[in-house]
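Subject: Model handover and notes

Hello,

Please find the model below, followed by my notes on it.

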Amino acid sequence: MTTETVGATRTYDVRTYGCQMNVHDSERISGLMEDAGYVRAADPESADVVVFNTCAVRENADNRLYGNLGHLRPTKLKKPDMQIAVGGCLAQKDRGDIVKKAPWVDVVFGTHNIGSLPALLERARHNAEAEVEILESLEVFPSTLPTKRESTYAGWVSISVGCNNTCTFCIVPSLRGKEKDRRPGEILAEVEALTKEGVLEVTLLGQNVNSYGVEFGDRLAFGKLLRSTGQIEGLERVRFTSPHPKDFTDDVIAAMAETPNVCHSLHMPLQSGSDRVLKAMRRSYRQEKYLGIIDKVRAAMPDAAITTDIIVGFPGETDEDFEQTLEVVRRARFSSAFTFQYSKRPGTPAAIMEEQLPKAVVQERYERLIALLEEITWAENKRLVGEKVEVLVAVGEGRKDERTGRMSGRARDGRLVHFATGGLTPRPGDIVETVVTYAAPHHLNADGAPLSHRRTRAGDAFEAGRTPKLKGVSLGLPSLGVPAPLPAAEGCSL
């Protein structure tokens, strides 16, 4: 028996770590919780249920989780009816060990059974003991679950889950499973439903987004999918992340260049510029293929902004290998990069490789890489001074905006823009055209009066405090084209 007030509405808070896939999974967790009668806590510290959606890829993931769980223990002792749930990749990896290390946790669920969370919470309350449920394969495709979107103007849309690659540094395939593809008609139906709710921008998500179609045998499916988004009325921007260079084909480049609402921005992980290291990583491309893709992208879209991921200090990386990475950075002229110092992930082949590098060596290389990247990204941004940019106004992109009087948003190429309002009152979700006046390595400023301000349905939704809350989109037949009409959506992420 619990002491909670009979009939009281229980509140929840979801705390997310890791990649875009986790962010979107957390939207599904929120949708499930609200479907089950919970409401989001106005004060996260007083939530009746706290859900951790964890990551096992990022450094110190374990320490971060157990530190946060330890922080909640005194609250749990004072408030025994409170429940703590742990899901995501770290839960999939550690399973019952989480409850052994933190016995005040009530529920542990994995990446394959997000939909079980409300039932597990109820069972744990009823039985007054922890519930641990980890499945080895997908229970239902996540798109069939209700989703509470976090944004009125931009939405994540999963096109696949899982990964068929065997990169030696990555634990994701063992936690997310083999690639499972959604049918094109189902994806387009979800995009259309979001657009009808006022969303202007969608990002197509997959662990390896451009291998989409492998499950139903169409290697050109991703390019077709990009082109089909161009037929959706009201959809202004389409992005995707993250593609793999080995699957990047010319038809995708053509689709990007020829479909007006597909943004000329590309995030394509490099990881290393050394062919020898790429082979050790089991990355099935080499330096010249990677640079060749970039050359083709820029030939088709000279304005394309290309971003990347780079790992420094992979086991056995020599000074010569690292210099090859710097050379690719110089030639590729990235607009930004996510950079990582290699760290062991238990269960991966790289974790037991010989020639693990000393921390001091990795740190010195990392600092050299950052310095070069900042030099290049700053130079690339300076080229845009005086250019007109179209900005989708966003929430909370800039920490200094309140002090400077600027607002912020993203240009079509993905760059962050801080802009002066010039007496206008744009809302998150509105579109502003302005001129770049200053460039920094990681952002652009536009300090003149905007050239134009377009009020949008997304801005209306933000002003009304309304975000899309879609029911799950059921699995459809493998077809491309105009999706079947959907029921009216209820009334926002890899």
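Which residues does the UniProt annotation "binding site" cover? In the unreviewed entry, the annotation covers Cys163, Cys167 and Cys170. UniProt positions are given in the numbering used here, feature names are shortened, and annotations may be inferred rather than shown by experiment.

On conventions: this is a predicted model, in which local features need pLDDT of at least 70 and side-chain atom pairs count only at pLDDT 80 or more, while totals for chains, interfaces and linings use all residues. Residues are numbered from 1 along each chain as its sequence is written, and side-chain values use heavy atoms, with hydrogens and water left out.

The annotated cysteines

Cys163 lies in the loop between strand 9 (160–161) and helix 6 (172–176); helices (H or I, at least four residues) and strands (E, at least two) are DSSP runs, numbered from the N terminus. Cys170 is placed in the loop between strand 9 and helix 6. Cys163 counts as buried because its relative accessibility is 9%, whereas Cys170, at 27%, counts as partly exposed. Here buried means under 20% relative accessible area, exposed over 50%, and partly exposed in between (1.4 Å probe, protein chains only). Not counting residues up to four places away in sequence, Cys163 touches Pro173, Gly177, Lys178, Glu179 and Gln207; contact means heavy atoms within 4.5 Å.

Strand 1 and its partners

Five of the six residues of strand 1 (residues 11–16) are buried, so this strand is largely enclosed by the rest of the structure. Strand 1 runs parallel to strand 2 (residues 39–40) and is joined to it by two bridges; two strands pair if DSSP finds at least two bridges between them. Tyr12 has Arg40 as its bridge partner in strand 2. Strand 1 also pairs with strand 3 (residues 49–54), in the parallel sense and over five bridges. In strand 3, Val51 stands opposite Val14.

The sheet 8-11-12

Three strands in the order 8-11-12 form an open sheet with parallel pairing. Strand 8 (154–158) and strand 12 (237–241) stand at the edges with a single partner strand each, so one side of each has no neighbour in the sheet. Five bridges link strand 8 to strand 11 (residues 201–205) in the parallel sense, and Val157 stands opposite Leu204 in strand 11. Helix 8 (residues 221–229) packs on the sheet, touching strand 11 and strand 12, and its direction makes about 155 degrees with that of strand 12. Axes are lines fitted to C-alpha atoms, for helices over the stretch in contact, and angles run from 0 to 180 degrees between N-to-C directions.

Regards
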